[in-house]
Every structure is written in structure tokens, then in C-alpha cells.
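Reader: I'm new to this one. Could you walk me through it?

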Amino acid sequence: MIIELGHFALILALAVALLQAGLTFTGAARNDLNLMAAGRLAAMAQFALIALAFATLVHAYFVSDFSVANVAENSSSAKPLLYKLTSVWGNHEGSMVLWVLILALYGAAIAWFGDAMPPRLCARVLGVKALIAIGFLLFILLTSNPFLRLSPAPEEGMGLNPILQDPGLAFHPPFLYLGYVGFSVAFAFAIAALIDGRVDAAWARWVRPWTLASWCCLTLGIAMGSWWAYYTLGWGGWWFWDPVENASLMPWLAGTALLHSAIVVERRDTLKSWTILLAILTFSLSLVGTFLVRSGVLTSVHAFALDPRRGVFILVLLCIAIGGSLALYAWRAPALEPGGVFAPISREGALLLNNLILASCCATVFIGTLYPLFLDAVGGPKLSVGYPFFDRTFVPLMIPLLLAVGIGPLLAWKRGDVLGALQRLWAAFAAVIAAILIAYYLSHGGPVLSVLGIGLAAWMGAAAVVELADRLRLFRAPWSEVVRRALAQPRASYGMTLAHFGLAVTVAGIAASGFEQQSIALLHLGQTLPVAGYTLRFDGIGKHDGVNYTADRGDFTLLDGTRVVAQLEPERRFFPLQQQTVSKTAIHTNFFADFYLALGDPDNKGGWAVRAYWKPLVPFIWIGGVIMAFGGGVSLSDRRWRVGVAVRRAAKSALPANRSRA
Amino acid sequence: MSWRRAAYLLPLIAFAALAIYLSHGLAPGYNPELLPSALIDKPAPAFDLVGLKGEARLSNRAFADEIVFVNFFASWCVPCREESPVLMDLARRNVIVLYGIDYKDKPEDAEKFLQQYGDPYRRIGVDDSGRTAINFGVYGVPETYAIDRTGHIRWRHVGPLTADVVKKEIMPLLQELGAS
């Protein structure tokens, strides 16, 4: 009964979304405040209804109601409670409901904060959001309904793929969706601006916090997914250039570009039509990603079950949403007034370079991901181009961007001075040389590219610090002045420093992967294995039962000389329901290096295959991601974004360009 | 329409082209794994590759008087992971003789890959340069070929092997070629 209530709520949400589209667009066209206010209420009602539908689905999973087909196919009664919850979005239908729930959540949030926004802008944004919701609600109800019953109900469910039963993955999809569904807000703002025919600084100030919030969530989501791959897939890789990973990376790259170009629109009132195009493309890439993951067009480890009808439906949605918005763009964007001019060497120029490189990187990933599909035209198959392609194209493209990250923030608006900026960065040059020497010494002459990569990371990290010190006039002004300046800095500028520093940390982690050391051996009880100066001792092996699996658990001691560093217990878990074995690695970390241990197969003569790795700086990859997202959060808390302030600022629009306020 | 206005149409045109590609992948009757090979019923290209993990070299001369399957794989290839349970099952049941060719891969990565997903191959050759794959006409990995007793290629499958392919193609093929 409860699940039927959820089904009904979702149908009602579709009706409300139709109503919302009608109310908001008519209200905006007639400038009727009552209709527009009703549209905002509809957005909140739509969210409440979808939340109800989602709650009934969660309930069905909690009580293991196997008369619901979706639960029977994706859950089982003997499973930890947490994974009963995460099973809700561990499958195609349930994850689509989460998708529209988050879409509606953003819609309700816009409606909630809408008081401070120009009413017609708010109405049109909600109207576009309603159109998107209509498309996806129809998709769920017509092709991917999670509320269907099974009769007779099976005794036991088929269970969740064991590899997905992991806390790291539990919250990966919600963050990912908060990220790329969140870009629908920037998209809606872009469409509203095209309808209105006007883009100005106030518009950019409205778009940026939403984009920033989505970007932070997406950054965290991608970091979580990569971390999960690192410790579950069993050999310590953290990025596989898998189509599904690329589907989340492409909106991230485009979204990063959008964040930066929106700054230019806000501060200098230029690059307008490009920013609009980026906003459309960012969300379009999220939609294309959804299509790729759910249509079975590409092969991937995490693809959902295939159904050609779904593929056709999403493709039609894509054509309407992307084709429609790009047609609107072709029609209306030429009318947008061009803004101020600027010299190539300037803050605007640096941000444009950032945009060009990020867009090229995004195109590279796009081509690499869709290459198999392009091959179809000549009769090609489902294939992977794999990391050789991405390593040779993506990485070289990123290097100039990473170099420019250090210089850009030091350039002035309109016309900058590269030589002056480089002079102010002398401390960063010193840091690069020191980092290269230290990396070279510690790695005993490790791989050249890794050593240079560490130098690159040092460049970005030091430049971020130098730029902040420059703004605070550290060591050049009296302390009282420095403190006064530190307090007066807008939080957004601290956010930038943190985000750029976080990027440096991530790059250091990636570069250091060339220094890792590994030992693979067949060990018997009591034997030891030397790894990177440490000694690993095999103390024992035992059986161990979990809720829904049995495991062989190894007992290892990691020694530095005679000092015990850590006890490690890697497992091989066997899930009888799915007849699948999953490796549970044991990782000892001190945040500067990981010791990574995986238990392999027994040789049935008392020996066990053991893979041990020493991975210096690898935690930096994810720590950097968290710092980037935190920087975004700090910037988001800037009082300039707060309700009301933007309106007052917009009123006196021509602010003097101030270099320190990016 | 001025040129400036026309430039704004470019994104739409690019998307239209993309949509055609995407719809191609969904066309009815489209099977991404059916692919003609110019080498069917032709002698298999000769090769002589370094063995993985210091094993003996792998050469096509080793295939004398036996029906063999040659599987191109790589540790970086995601679909290869997908097909590995199928290959392991074939190896466990001793249904086919399977040789592996590790395509453009670091040997240490390949070893890790085999440790994790299992090693279904009788022997593995390392095709570091990709020359052997080019001679076979490999589009990408994974790809599998069947070579009969006389050294002729008789069958080719592009993309990951599935239980369905084993049942509907490999088993009839073995019967046709008279596996003993």
C-alpha cells in the first residue's frame, strides 16, 4: 500500500511540474506577481511530493518488501542496514528517483530564496527547472518505474552487488548527483537570460553561488568515487578513465570553466555569450553522461542494466533539452551586448586561457569516451581506448593550465604585467627548486616526470600562498596593517587561495604515484616480505563471518626494523548469494604515505599470494579534493552572496575594478 | 544572416552531428559486436612475442595441430575485466585452449591484473609495440580469434566475451571444427 502511495505521489509531482511550468512562464510573460508566486509554491510542492515518493521507496528497502520488484532485484534481507539504504540508489530506477529528488530540491531552494531575486528571473528559472523535471518524471514513470509489484513475491531478494557494499560508495552517488544535477540551476539561469535577452553582473552574481555549490558537491563526489576505486578494486589504481568516471569528470571540467568565466561577467561585464554557452554545455554534459551510463551504448564496469527503450527515451530528452537550448542560444545570444575590452595579458585574459584549456581538456575526454561510438560509423565495436590515449592527450593539456594557475591571480584586470607577476613569485620559484631537489633526493633519482610533477605542485602551492601574502602585504607592512587587511579580505578570495592550494595538493599526490614501491609474493605463515624499507610479517590466517559473507582474514604485522608500525588485516570476502569474491584491502596511512596490502589467492599448500605497496603522498589526491571543495564552501559563505546584498550591490552596479576581489 | 550570427549556430550544428552518432548506437538491429574480419579463413599472421613473467616466447608456431583461441587484452581495459569471469570459466572447464596477447601494457600491470582477475591463459605474449595486433586487424581490446588446426583464422569476436557468445558461437564453432 505504501509503495502505491509513492507511485501516486510521483504522478502527482508530474502534474505539479506541468502546473509549475505553466504558472511561471505565463506569470513572467504577463509580469503577473500572483502567478509567479504560485509557481514558487508549486516548486516547493513538487519537491515535497518527490520526497514522499522517495521516502516510500526507502521504507520498502528498510522492511525488505520483496513484493516490490525493484527491492527484490537489488536487495536482500541479510544485509547491514546502511546498505539497505544505499541499495535504493544502487540501481537504475532508484537512482533516477534520487536524481529527480535532487533536481526538485534545487528548485525548492530557488523558490525559497527567490524573494531577493528579480521575480521574473526567478519565475523563468523555475519554469525551465519544471520542464526538465517533466522530462525526467516521464522517463521514470514510463520506462523505469521502481514502484512496480511482483506477484507472487519471492522469499529472498537477489542482493546488492558486493563490490557496492561499502561506506565509501554509499554516499558517492548523492554527492555526484548534487553536483551535476545542480548544474541544471546554472542552465536554467542561462535559458532565462536568453529569453530575457539580458546578461549583467547581477545575473552572474546570482548564478555563481549555485554553480559553486554544485561544483563543491561534484568535487567531493568524484573524490569519494576515486577513493573507493582505490581501496576496493584491489590494486591501488585511483582513476581508470572509465566512461562512467569520465561522465562525471566532463561536467566538472566544464563547471570549473563556468565558475571562472562567471567571475569575468560579474567583474567586467564581458565574455557573456561564452558564459551562457558554458552554462548550457555544463548541464548538457551531465545529461550526456546520464545517457551514456544508462543506455548501454558504452561498456563500463558500473553501467546499469540495459534497456533499449530507455536509451531512445533519454536520447529524445537530450535532443529536446540540448538541441532546444542551443537553438535558443543561436537565436538570442548574438543580441547580447559585448562588454568591456581587455588586453590578452590581464586577469580576464588569464581566465579566458583557463576556459580555453579546460574546454579543450573536456573535449579530449569527450572524444576519448565517445570514440567507440564514433567508430560505429565505420562498423566499430564496444572498445576501450583506455589510459594510453588520455595520458598522452589530457596530461599535456593540463600542464600549461597548472602553470598559469600560479600566475593568473597576480595579474590585474584589463591589463596585466606578467614580468611583474613573475618577479613577485620569486619565492615560488625557490619552492619549485627546493621541491625538485627534495623529491629527487628522497626518491633516489625517481622517474623524471614524477619529480617534475612535484615541482609543478610546489609552484602552484607556493604561488597561492605568495598571492595571499601579496594581498595582505605580509612582511612589507606593519603587523597591525596585515591583520587589518586579513580581516577585510572577502571570503571569496580566501576560497580561491584554498581551492588553488588544494589543486596543488592533488597534483602532488598524482605526481608521486611514480615513486610507489611494491612487492608481490607467495607467503607462508611466519614469513616476512620487505617493502620500501619496511618488513611485513605474515602472522596468521583465519575464517571470519560477516552478515552476508564469509571471509579469509589475514593477520599481518608491519615492522620498521623491530618497531611495530601497524597491524593489518586484509580479507577476501565471499558473498554466497552472488557467488562473488571481493578483496578487502588493508591500508595503513599516516596521511603522507599509504601502506596498502591486498590478500590474493591461496595456493592450497599453505601459501597465500600477497600484494603489498608503499604509496607515498597518495592520500594527497583526495585531501586536495577536500581542500578544493572546502575552498568552494568558504567562498560560498562570502557575505556578498547573502540574500539581499546582491540586490543592493546590483543597484549601484558600476563598482571600481579591484584586483583583490576575485 | 551575417557571419557573426552564423557562428552562434555552430554549437547547435555540432550537437546535431553528435545526436546522429548517439542514435546510431541505438538503431534497431545494431549489434556493436558484429564485425567482419578481412582475415576470416586466411592464415593467421605470424608473430613471435616475448612471454609475460619471463615465460617462454609465444609464437604462432606453437599452435600446431590444435584449435586455439587468441585473446587480446590489457590491464587498462575495462571490458577485459568484464569478460574475465567468462574466460576463467572456460579455462576451468577446459573447453578451449586459450592464449593471451597483452596489448600495449606494462608487464607489471598485466601481472597485477591477472592476479586479481585470474589467469585463464595457457601462455601470454607481450605485444608492447602493438604490431601483432595491427597484423591481426585488432580494433581495440578485448578481441578474440579462433584459429583452426591448419593455422587459419576461423572466427573473430570484438568486445568482451559473454556467456551468451560462448553458448551461441564458441560451442557450435568447436563442434564444426571437430574439437576432440
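Reader: Which residues have the most contacts inside the largest nonpolar core?
Author: Bear in mind that this is a predicted model, where local features need pLDDT of at least 70, side-chain atom pairs count only at pLDDT 80 or more, and totals for chains, interfaces and linings use all residues. Residues are numbered from 1 along each chain as its sequence is written, and chains are lettered from A and ligands numbered from 1 in the order in which they are written. A nonpolar core joins buried Ala, Val, Leu, Ile, Met, Phe, Trp, Tyr and Cys residues through C-beta atoms within 7 Å, buried meaning 20 or more other C-beta atoms within 10 Å of a residue's own, with C-beta atoms placed from the backbone. The largest such core has 222 residues, and those with the most contacts inside it are A:Val100, A:Ala186 and A:Phe189.

Reader: Which helix gives this core its largest share?
Author: Helices here are DSSP runs (H or I, at least four residues), numbered from the N terminus. The largest share is 17 residues, and it comes from residues 201–232 of chain A, helix α9.

Reader: How do α1(A) and α6(A) run relative to each other?
Author: Helix α1 (residues 2–30) of chain A packs on helix α6 (residues 119–143) of chain A at about 150°, axes 8 Å apart; axes are lines fitted to C-alpha atoms over the stretch in contact, and angles run from 0 to 180 degrees between N-to-C directions. Angles over 145 degrees count as roughly antiparallel. So α1(A) and α6(A) are roughly antiparallel.

Note on methods: Helix = DSSP H or I, 4+ residues; strand = E, 2+ residues; numbered from the N terminus. Parallel < 35°, antiparallel > 145°, perpendicular 65-115°, else oblique. Buried ≥ 20, exposed ≤ 12 C-beta atoms within 10 Å, placed from the backbone.
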